[in-house]
Amino acid sequence: MSIVTISVLPVKDTKAQLLAAFSGEDQGNLITFDTPELLFKIFSQKRWQLIQLLTGIDPVSIREAARLVKRDVKAVHGDITLLLNAGILEKTEENKIIFPYDKIHVDFMLSAA
């Protein structure tokens, strides 16, 4: 079972993790965002719904994803394109969409400014 952690991590901390990974330390599956605002911009309610749908299933076409979430193909295409560009989703050689993880762990802390 593969788990991905999605977190808010400033660039300096992301660089430190990258250096640790290059030194051989296992960092696990990690997707980071520099700010909470960026995370919330990428993961709208409808995009979370798509991610939830795609978690742990075989690759699907954009049309099939739209059918499963009962949304317009054009709107789902736009959301999937954004998620692909953000590195959240992947595209297979057959041009299908996959979220290659079985579970998602979201980890971030908000504090006073």
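Student: Is the crossing of H4 and H5 left-handed or right-handed?
Tutor: This is a predicted model in which local features need pLDDT of at least 70 and side-chain atom pairs count only at pLDDT 80 or more, while totals for chains, interfaces and linings use all residues. Residues are numbered from 1 along each chain as its sequence is written, and side-chain values use heavy atoms, with hydrogens and water left out. Helices (H or I, at least four residues) and strands (E, at least two) are DSSP runs numbered from the N terminus. A crossing is left-handed if the near helix is turned anticlockwise from the far one by less than a right angle, and right-handed if clockwise; that of H4 and H5 is right-handed.

Student: How are H4 and H5 oriented to each other?
Tutor: Axes are lines fitted to C-alpha atoms, for helices over the stretch in contact, with angles from 0 to 180 degrees between N-to-C directions. The axes of H4 (residues 62-69) and H5 (residues 73-85) come within 9 Å and cross at roughly 110°. Angles under 35 degrees count as roughly parallel, over 145 as roughly antiparallel, 65 to 115 as roughly perpendicular and the rest as oblique. H4 and H5 are therefore roughly perpendicular.

Student: Is lysine 70 buried or exposed?
Tutor: Lysine 70 sits in the loop between H4 and H5 and has a positive phi of about 55° although it is not a glycine. Buried means under 20% relative accessible area, exposed over 50%, partly exposed in between (1.4 Å probe, protein chains only). At 77% relative accessibility, lysine 70 is therefore exposed.

Student: What distance separates the C-alpha atoms of isoleucine 51 and leucine 89?
Tutor: Isoleucine 51 lies in helix H3 and is buried, with a relative accessible area of 0%. Leaving aside neighbours within four places in sequence, its contacts include Phe43, Leu83 and Leu89. Isoleucine 51 and leucine 89 are 38 residues apart along the chain, and their C-alpha atoms are separated by 8.3 Å.

Note on methods. Contact = heavy atoms within 4.5 Å.
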